[in-house]
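Please look through the sequence and the model below before reading on. The paragraphs that follow move from the sheets to single residues and then to the chain as a whole.

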Amino acid sequence: MEERVILHSDLNNFYATVERKLYPELAGLPVAVCGDRETRHGIVLAKSEEAKKFGVKTGDVIWEAKRKCPNLVIRPVRFAEYRKYSALAREIYARYTDLIEPFGIDECWLDVTHSRIFGSGEEIAERIRREIRTELGLTVSVGVSFNKVFAKLASDLKKPDAVTAVSRADVEKKIWPLPVAALLYVGHSTAERLSRAGIRTIGDLAAADVGFIGRYLGKWGLTLSAYARGEDDSPVRGMNEKSELKSVGNSLTYREDVTRPEDVKRLVYVLSESVAARLKDSGMGKANTVHLWVRDNAMQNYTFQKKVRPTALCGEIAEAAFSLFAGQYKAERPVRGLGVTVSGFDKGIEQLTFESLSGEYDKKERAERAVGEIRKKYGYAKIQRGIMYEDKTALNMNVRGERLRSGEDEARKENAKEKKSGLPEDGAVPTDGDYEI
């Protein structure tokens, strides 16, 4: 079977570099693209290499970044411009393959296995690097390998403006000595758990007993173990190719610290309203697993999950999610981000249970359907759960509206890349929307 040739393209310091493209006078200056500078919780979304040297990090509050780098130039977010340059970069990638899978606005995987007319994988990567620089005035780091996980790792090994190849023969020397946290989808808490078991490098994980990893981390641990050994055969999906829906979710980032459990519960209900509505629209039936994502004010991420009876009801989803928070969130730090996701769909094929036979579920479903009809006719805000009336901000949110992307959402994605946290610790699919309150 022919060895695959996979590229991972990562536009360097993307937002900050686009700002310099638009404003050449910023060349050589420490630059940070930030959220609302009038808000004390506005944060750094991207930074230039010069800013990095001062210790400025994605997720820093603006005043923290300015303390580290007094001469830091703050630029506002211009997502329209970033999307424009992202699309232009993808047009360049499309010269070499139609198998282009985005991984955020600034990263893509490319399968160039059958693009040998343009040269080897490294030669194609070099051509892309030069064309991005010459035509767009941006720089890109490109990793070349035989699977997606190692191509991503390769692109991180040398930045900015570089091509790095990792062949099967290179894995032991280039990949295995790296910290286990460098492996895509290994988050902070998973890395800590592995460290407690004496697994500190990718090589340690690759060599660890598979049975032990399965018992220690569960099914997702087996996946990570395979990734460490280079056993990733996931395909690069074309941008227009739809994969089967695996989860439905939503998340939010709050503008201030959330300390009271009752406020967390209210926000969980806000998210669950949206998740339940999206689940109904998806036609995937009921879900049997609820996932909760929590980010504290120290930018640490936590994820939890539990099995539930198959449900598409907002109330049941919210109660399950909040029970996860109440029972499993032990960080004792204020909360800044929350996400609710459901998975394990029955696709409308229902198993008979005592609850379904008693009609208890149907009664709840009819009540939620009636609420939905009222909202559809008179507007979302016309009928609300009592829990919402204690917070006017939550009360006025139309979570059923179109997806809203906030600056903090982009920071979450950027910060996840820096920490290599990727998917939540339990392997749940990340939420597919973000609301800023």
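In which sense do strand E7 and E8 pair, and over how many bridges? Strand E7, which covers residues 140-145, pairs with E8 in the parallel sense over four bridges; here strands (E, at least two residues) and helices (H or I, at least four residues) are DSSP runs numbered from the N terminus, and two strands pair if DSSP finds at least two bridges between them. Within this pairing, Val144 stands opposite Ala165 in E8.

Residues are numbered from 1 along each chain as its sequence is written, and side-chain values use heavy atoms, with hydrogens and water left out.

E7 and E8 belong to an open sheet of five strands, ordered E5-E6-E1-E7-E8, in which the pairing is mixed. Strand E5 (100-102) and strand E8 (162-165) are its edge strands, each pairing on one side only. On average, neighbouring strands of this sheet are turned by 20° against each other, with direction ignored; the axes behind such angles are lines fitted to C-alpha atoms, for helices over the stretch in contact, and angles run from 0 to 180 degrees between N-to-C directions.

Glu107 counts as buried because its relative accessibility is 1%, where buried means under 20% relative accessible area, exposed over 50% and partly exposed in between (1.4 Å probe, protein chains only).

A further set of pairings involves strand E2 (residues 31-34), from which Val31 and Val33 point one way and Ala32 and Cys34 the other way, all of them buried. E2 pairs in the parallel sense with strand E4 (residues 73-76) over four bridges, and in the antiparallel sense with strand E3 (residues 44-47) over three bridges. Val33 takes part in both pairings, standing opposite Arg75 in E4 and having Ala46 as its bridge partner in E3.

Lys66, found in helix H3 (residues 62-68), is partly exposed because its relative accessible area is 32%. Leaving aside neighbours within four places in sequence, Lys66 is in contact (heavy atoms within 4.5 Å) with Leu72 and Ile74. Thr201 lies in the loop between helix H8 (188-196) and helix H9 (202-207), and counts as partly exposed because its relative accessibility is 21%. Not counting residues up to four places away in sequence, Thr201 touches Trp176, Pro177, Leu178, Pro179 and Val180.

For the protein chain as a whole, there are 17 helices and 13 strands, and of its 437 residues 53% count as buried. Among contacts with a separation of 6 or more, 68% join residues 24 or more positions apart. The chain averages a pLDDT (the predictor's confidence in each residue, from 0 to 100) of 82, and 77% of the residues score at least 70. Over residues 394-437, however, pLDDT stays under 50. Where pLDDT is low, the predicted coordinates should not be read in detail.

Conventions:
Predicted model: local features only at pLDDT ≥ 70, side-chain atom pairs only at ≥ 80, totals over all residues.
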